[in-house]
Amino acid sequence: MVPRAIEAESSAKSEFANSIGTNDKEAIHRLSGVPSILDCKLSTLLLVFVYSFLLIENPLEAVIPGIGYHDELLFFVLSALAFLKNKANGKAISVHARWIALSTLLIVVIGAIGNVCFDYQRSFEAMYKDVIAFSKFPITLIAVMSLLRDVDCRSVVSMCSAISKVFIVVCFVVGVVNTLQPSDAFSHDFRNGIWSFKFVYSHPTFLVFSLVMAYVMVSAQSKRLDFVKVMCLITLILTMRDKAFGFVGLVLVVLAMNLGNRKRLVPALLLAGAVVVAVVWPKIAEYMSYSNSPRESLYSASFVLAQEGFPIGAGFASIACTLSGEYYSDVYYRFGMNTMSGLTPLSSAAAGDAGFAYYLGEFGFLGFALFAFLMYQVLRWILDSTPIGSCSRTAAIYLFGYAVIALTVETALTNATGVSLAVLMAIALTLGRQQMSTNGEYKSEHIG
């Protein structure tokens, strides 16, 4: 009798296992915690690989030739895959994606008109490269959002969060040791009484963004300010970069004001912006006091160009971007910046050090207004795709805030940072949508 009972119980378990659907099995797996690698879909593993690569891409450039063009490769591949997927399934893109795409197209047209009218940049190669650079962030965001429709981002965030925690702990330990006993290999310059920390990255600015990525991914899983997050914020401070200070200030404001739980975000975001400006104001005042500061000169020249060309600007690759220095623009001769350190024809490393100046100088007041509208649509997309009080909303707010902060000191959205931001933001928004679909009480919220 006993063997028959055992056999019957085994048969019943087998029938139950076969009767439940795929979604039920996936739900049971999720209840068990962090997914096993063997249980993950290929799309999940690919996303985890892409995230891990973006986290340490800068150090890899020293050992893998040509890897610095990864952002362009990702941009074209992701855009092509999204186009083919949408063509195959016939699904329409969201309203926010349409407005972002339209704004991008109009800005490209305005930039091209500026090139024809003012002729500051004569290299066609520079112009089309700048068109691609400008388009990377908005188009990649739209493309990845389309590709992630059928991907369970909860598994992606869970695995990437674990990787991020290891990364943060390693950076923190090395950073503290380096501060107490500075090493030339891990230090960059002497600021505010200590040597700035860059770890194995070529410059502290690249380490800053990797730490921001890690902080955001951990925040996408938990809003609590735990010890790992504190270590990340301390390491950001050790880089001695202005945008790192700004991001730390943003995090403190988000936590203090509980922004992720607010329905009306405009007043809170304005206050958050004021706090961030207050944090970095000493550095801004320092730049403004230097008449020979490249960043101050780029902002001043961009404003003049926007006034003279009203309502358009000087056109693509004309000012405040790396390409304008690589394919040396006549704007720098006209405003006497060709003799300024960091903006000379032979050494133009500072050409991309003023993000907002790029949009104002190249596209004028009209183009700048369209860019502001584009960013507004990105913010609306965040709020409409993530539940109030969710980790996904907080993570997306951090990414959006960092983008705005970084644009004050660099053309962040036109370099590799733009593609990385788009990928992470798409993961956060898709995670938010999946959280909304599993709980009927979550509804779309608008800003106002």
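Q: Lysine 136: buried or exposed?
A: Lysine 136 counts as buried, at 2% relative accessibility. Buried is anything under 20% relative accessible area, exposed is over 50%, and partly exposed is in between (1.4 Å probe, protein chains only).

Q: What kind of model are we looking at?
A: A predicted one: local features need pLDDT of at least 70 and side-chain atom pairs count only at pLDDT 80 or more, while totals for chains, interfaces and linings use all residues. Residues are numbered from 1 along each chain as its sequence is written, and side-chain values use heavy atoms, with hydrogens and water left out.

Q: OK, back to the lysine. What does lysine 136 form a salt bridge with?
A: Aspartate 71, and their closest N and O atoms are 2.5 Å apart. A salt bridge here is a side-chain nitrogen of Lys or Arg within 4 Å of a carboxyl oxygen of Asp or Glu.

Q: Where do aspartate 71 and lysine 136 lie?
A: Aspartate 71 is in helix H4 (residues 70-89) and lysine 136 is in helix H6 (residues 124-147), so this pair ties together parts that are 65 residues apart in sequence. Helices are DSSP runs (H or I, at least four residues), numbered from the N terminus.

Q: And aspartate 71, buried or exposed?
A: Aspartate 71 counts as buried, with a relative accessibility of 4%.

Q: How many salt bridges does the structure hold?
A: There are 11 salt bridges.

Q: Give me another one. Which residue does lysine 243 form a salt bridge with?
A: Glutamate 410, with the closest N and O atoms 2.1 Å apart. That pair links distant parts of the chain, 167 residues apart: lysine 243 sits in helix H10 (residues 242-257), and glutamate 410 in the loop between helix H16 (391-407) and helix H17 (416-437). Lysine 243 is buried, with a relative accessible area of 5%, and glutamate 410 counts as buried at 14% relative accessibility.

Q: What about arginine 334, which residue does it form a salt bridge with?
A: Arginine 334 pairs with glutamate 308, and the closest N and O atoms are 2.5 Å apart. Here, too, the pair links distant parts of the chain, with arginine 334 in helix H14 (residues 330-334) and glutamate 308 in helix H12 (residues 294-308), 26 residues apart. Arginine 334 counts as partly exposed at 41% relative accessibility, and glutamate 308 as partly exposed at 46%.

Q: Which residues do shared partners join into one network?
A: Asp71, Glu72 and Lys136 are joined by salt bridges that share partners.

Q: How far is the sulfur of cysteine 171 from the closest cysteine sulfur?
A: It is 8.1 Å from the sulfur of cysteine 232, too far for a bond. Cysteine 171 is also buried, with a relative accessible area of 0%.

Q: Helix packing next. At what angle do H5 and H15 pack?
A: Helix H5 (residues 95-118) and helix H15 (residues 355-385) pack at about 165 degrees, with their axes 9 Å apart. That makes H5 roughly antiparallel to H15. Axes are lines fitted to C-alpha atoms, for helices over the stretch in contact, and angles run from 0 to 180 degrees between N-to-C directions.

Q: How do H12 and H15 cross?
A: Their axes come within 7 Å and cross at roughly 15 degrees. H12 and H15 are therefore roughly parallel to each other. For the cut-offs, under 35 degrees is roughly parallel, over 145 roughly antiparallel, 65 to 115 roughly perpendicular, and the rest oblique.

Q: Last topic, the backbone. Which peptide bond is cis?
A: The one from phenylalanine 310 to proline 311, with omega near 5 degrees. Proline 311 lies in the loop between H12 and helix H13 (322-326).

Q: Why flag that kind of thing?
A: Because most peptide bonds are trans, and most residues other than glycine have a negative phi.

Q: What is phi of aspartate 119?
A: Phi is near 60 degrees there, a positive value in a residue other than glycine. Aspartate 119 lies in the loop between H5 and H6 and is partly exposed, with a relative accessible area of 37%.

Q: And where is alanine 320 found?
A: In the loop between H12 and H13. Alanine 320 has a positive phi of about 60 degrees although it is not a glycine, and it counts as buried at 0% relative accessibility.

Definitions and conventions:
A disulfide is a pair of cysteine sulfur atoms within 2.5 Å. Helices (H or I, at least four residues) and strands (E, at least two) are DSSP runs, numbered from the N terminus.
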